[in-house]
Amino acid sequence: MNEKHCVPLTRLVEEFHLNVAFQSTDYESVQLTVEDVSRPGLQLAGYFDHFEPMRLQVLGNVEMSYMDKMTPAEQASIFDRLFSYKIPALLLARGFEPAPICLEMAKKHNITVLCSRQATSNVVSGIIHFLRTALAPKITRHGVLVEVYGEGLLLIGDSGIGKSEAAIELLKRGHRLIADDAVEIRKIGENSLVGAAPALIRNYVELRGIGIINVAKLFGMGAVKAENEINLVVNIVPWKTQEVYDRLGLEEQHMEIMDVKIPMNTIPITPGRNLALILEVAAMNNRQRKMGYNAALEFTEQMNDHFASQTGSNA
């Protein structure tokens, strides 16, 4: 199931090195639940229709210069009304300091006031990107996520089929591990999924017969990665003689995760098959397909042309 997430205001303050000009009594418990950030231009003019109080409110150079033209009484009225909506916090960018009347109204309504020295556009875009990632819908799936030639491969299959062993072999070949056993998948766009490891098991791999190993310490920090987009799902299954497998690669398989269709390969394995090598080829082939080249279609067209020419010459 999708999990609903929120971001503590304290985490945002730490992430962007914000200064706290006034700390509300509930500062530690304030949560951000939407990814959008607002610059309350119309609200400073008194227009509060369609106002979104769940958003972090940011004042920059334009808003501050506009307020400088107001009388103290007008400023008090606007801040009184703005803070009455119980916004998560008010952030002043570009090194601006809150006016005494602003702090007075913040104390009255118990709203945190923050300050940043960054340019308004920079801090707004940075916060939106941060919140979009942190608040993205998330699920956890059993599997192994590795980066192979820049492609994120999500290995799925029955427990004990060899996913972790294949990941270790890929690490020896210079590729990187993102997650083993459990993969946290976030939907960060309409057609984009990013996978990461839960914090508790990050950088660890379980190998049956050996136990738990720390990949970062055994292979070096270059062998691990915090997160990666999921570009291909690889379903590893035991080889069954009676099963018919696609030998040309013309069948386009997909797996739908959180309403996003991800290309999928089903790879049957038997003793002696070099799974790591097959996964490398699968990654490169998937990249080629994204770039518009499909070897299976090219081969089929060549075969059709060959038989058509043979039929024509025999006519």
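Trainee: Is Phe83 buried or exposed?

Mentor: The model is a predicted one. Buried means under 20% relative accessible area. Phe83 has a relative accessible area of 0%, so this residue is buried.

Trainee: How are the rings of Phe79 and Phe83 arranged?

Mentor: Both residues lie in helix H4, 4 residues apart, which is about one turn of the helix. Phe79 is buried as well, with a relative accessible area of 4%. The ring centres of Phe79 and Phe83 are 5.8 Å apart, and planes under 30 degrees apart count as stacked. Because the planes of these two rings stand at 15 degrees, the pair is stacked.

Trainee: Which kind of pair do Phe51 and Tyr85 form?

Mentor: The structure holds 5 aromatic pairs. In the pair of Phe51 and Tyr85, the centres are 5.0 Å apart and the planes stand at 75 degrees. Planes over 60 degrees apart count as edge-to-face, so the pair of Phe51 and Tyr85 is edge-to-face.

Trainee: How many residues apart are Phe51 and Tyr85, and where does each lie?

Mentor: Phe51 is in the loop between helix H2 (41-44) and strand S5 (56-59). Tyr85 is in the loop between helix H4 (72-84) and strand S6 (89-92). The pair thus links distant parts of the chain, 34 residues apart.

Trainee: How many disulfides does the structure hold?

Mentor: A disulfide needs two cysteine sulfur atoms within 2.5 Å. Cys115 is in no disulfide, since the nearest cysteine sulfur, that of Cys102, is 8.5 Å away. For the structure, the number of disulfides is 0.

Trainee: Which residues does Gly150 touch, not counting residues up to four places away in sequence?

Mentor: Gly150 is in the loop between strand S9 (144-148) and strand S10 (151-157). Its C-alpha is 9.4 Å from that of Asn231, although the two residues are 81 apart in sequence. With that exclusion, the residues touched by Gly150 are Asn228, Asn231 and Arg287.

Note on methods
Residues numbered from 1 in each chain as written. Predicted model: local features only at pLDDT ≥ 70, side-chain atom pairs only at ≥ 80, totals over all residues. Heavy atoms only, no water. Helix = DSSP H or I, 4+ residues; strand = E, 2+ residues; numbered from the N terminus. Contact = heavy atoms within 4.5 Å. Phe/Tyr/Trp six-rings, centres within 6.5 Å; stacked < 30°, edge-to-face > 60°. Buried < 20%, exposed > 50% of the residue type's maximum accessible area, 1.4 Å probe, protein only.
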